[in-house]
Amino acid sequence: MSEVPADRFYLSSHEWAQEGDDGVVTIGITEFAASELGELVYIELPGEGEDVHFEQQFGEIESVKAVSALNSPLSGQVIESNASLLDSQEPITDSPFEEGWMLKIKPADDSWKDQLMTPADYESQLNNS
Amino acid sequence: MKKTVLNSAHQRHGARLVEFGGFEMPVWYSALTEEHHTVRKQAGVFDLCHMGRFEVVGDDPVTALDKVLTRDVSSMKKGQVCYSLVCQEDGGILDDILVYRLPDRWWLVVNAGNRDKLLPWFEEKLEGAHIVDHSESLAMVALQGPLAVGLLAPHIERPKGRSLETLGYYRVGAATVNLTGTPLQGWISRTGYTGEDGFEIYVDSEHAEAVFDALVDLSDDVHPCGLGCRDTLRLEAGMPLYGHELSEQIDPISAGLEFGVGLHKTTPFIGQSALQEIESRGPQRRMRGFTVDGRRPARQGAAILHEGKVVGEVTSGSPSPTLGVAIACGYVDSGIPEDASLQVDLGRQTPDLKPHPLPFYRRETEKV
């Protein structure tokens, strides 16, 4: 069974969002998503200053087999993008919840968590799929 | 979704299952790239039960087949296997298949996704012959890779004491398969879709799971392999895949499959005059191979550009585990010279395509 850390929120399309002490939100994809994708070969991420929107595509991730969309769990502005992933996507596979983070986002509003799944909700989605 | 008789074996071996050709099939067991290298360097086991296995029955199956297949079937010898196309009147490809001339009967192996389409087509077009569909009752598994012949030979008995080593490439014969503790009567052919030496084994479906497991257990060097690596292996080997390089809108001449067409064979076949015409005026587009600059693979449907204009389309693309670069093939307008500068439209980027001769990979010793 895939790990679902309790310290963050989830989107049904398998992205996570974690709030930092400074109010900045870090996002990435879940262990389940990473294992479904298999071996990764390429990722495209937005740069600093670009806007992302709730449930809208913010980038693309490509495995040996296929391309998949990355959807944003919240609306806001990118303040940092994990540039090391452009060279090697291994951290996404090996450490999807830590080293494999993708973007740090300044949320457009404080209510972003209300639209997301709790860890328990997401875990039950995984169990029922 | 349909399942093959090996579905529970795939689950036991830890496969990730996906839909392919209407069947739930393993895309990989451990990892695609690892399985790819297993087949190039050792040997891999594949479930091919999703493919259609048709017997052609009738008074004169040779003439009946010659009228619906592009290949000159009448010249096939007993024990020979041939690649052929099934075409429409306009030359568009309905399927690409293998034709097996066994000592006393004729078989066709067709693509999974085209099984349901071909049955009524053959029913209508075969004159004086009909198809008996053995796809469910007869299983098909492959052992592919340089170690295949050595590992399999001790377990295969052939008529008149012939060894497995003497079965030529694209040859088929009866075999007693001694893999499961009980001798099984079946067939074996030296065929495959990987660009490596290897075999396809046909036994009754009730024994499929035991044979599959026994093949995996032949040696620590053998692993079950999914359709994911089957796709990268065949792409490197320059072999077309129906639904990608081939379709009803594409003819075999444009696809570079002239070798599979008896253009001037004496028995007229469906599509012959259309194909002769395409041959004589030259196809409007041609299949070409490329390496893609940068890390990102080009995928099916990506536009191929020359001086900013669309001049073609990618049909298949993937990272090549053997070459270590992204490779692609696709159709390009015939008027575009070989050395013209081409790019591929990947959204934000338009990396260069460098021409690469097909196939991308050829094994060192082509076994005969």
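The model scores ipTM 0.80 and pTM 0.93, and chain B averages a pLDDT of 96, with 99% of its residues scoring at least 70, where pLDDT is the predictor's confidence in each residue, from 0 to 100. Because the model is predicted, local features need pLDDT of at least 70 and side-chain atom pairs count only at pLDDT 80 or more, whereas totals for chains, interfaces and linings use all residues. Residues are numbered from 1 along each chain as its sequence is written, while chains are lettered from A and ligands numbered from 1 in the order in which they are written.

**Strands around β21**

- Strand β20 (residues 342–344) of chain B pairs with β21(B) in the antiparallel sense over two bridges; strands are DSSP runs of E with at least two residues, helices are runs of H or I with at least four, and both are numbered from the N terminus, and two strands pair if DSSP finds at least two bridges between them.
- Strand β16 (residues 285–292) of chain B also runs antiparallel to β21 (residues 352–355) of chain B, and three bridges join them.
- Within β21(B), K354(B) is the bridge partner of T291(B).

**Helix α2**

- The buried residues in α2(B) are L32(B), E35(B), H36(B), T38(B), V39(B) and R40(B), where buried means that 20 or more other C-beta atoms, placed from the backbone, lie within 10 Å of the residue's own.
- The cover over these buried residues includes β3, β4 (43–47), β10 (138–144), β15 (222–224) and α7 (227–236) of chain B.

**Domains of chain B**

- Chain B is divided into domain 1 (2–51 + 136–235), domain 2 (52–133) and domain 3 (284–368), with bounds that come from an automatic or database domain assignment.
- The centres of domain 1 and domain 3 of chain B, taken over C-alpha atoms, are separated by 30 Å.
- Eleven residues of domain 1 of chain B are in contact with eleven residues of domain 3 of chain B, contact meaning that the C-beta atoms of two residues, placed from the backbone, lie within 7 Å.
- On the side of domain 1 of chain B that touches domain 3 of chain B, α2 and α7 of chain B are the elements that give two or more residues, and the largest share, four residues, comes from α2(B).

**Contact between the chains**

- The contact takes 13 residues from chain B and nine residues from chain A.
- On the side of chain B that touches chain A, β3 (23–28), α2 (32–41) and β18 (309–319) of chain B each supply at least two residues.

Terms used: A residue is buried if 20 or more other C-beta atoms lie within 10 Å of its own, exposed if 12 or fewer, and partly exposed in between; C-beta atoms are placed from the backbone.
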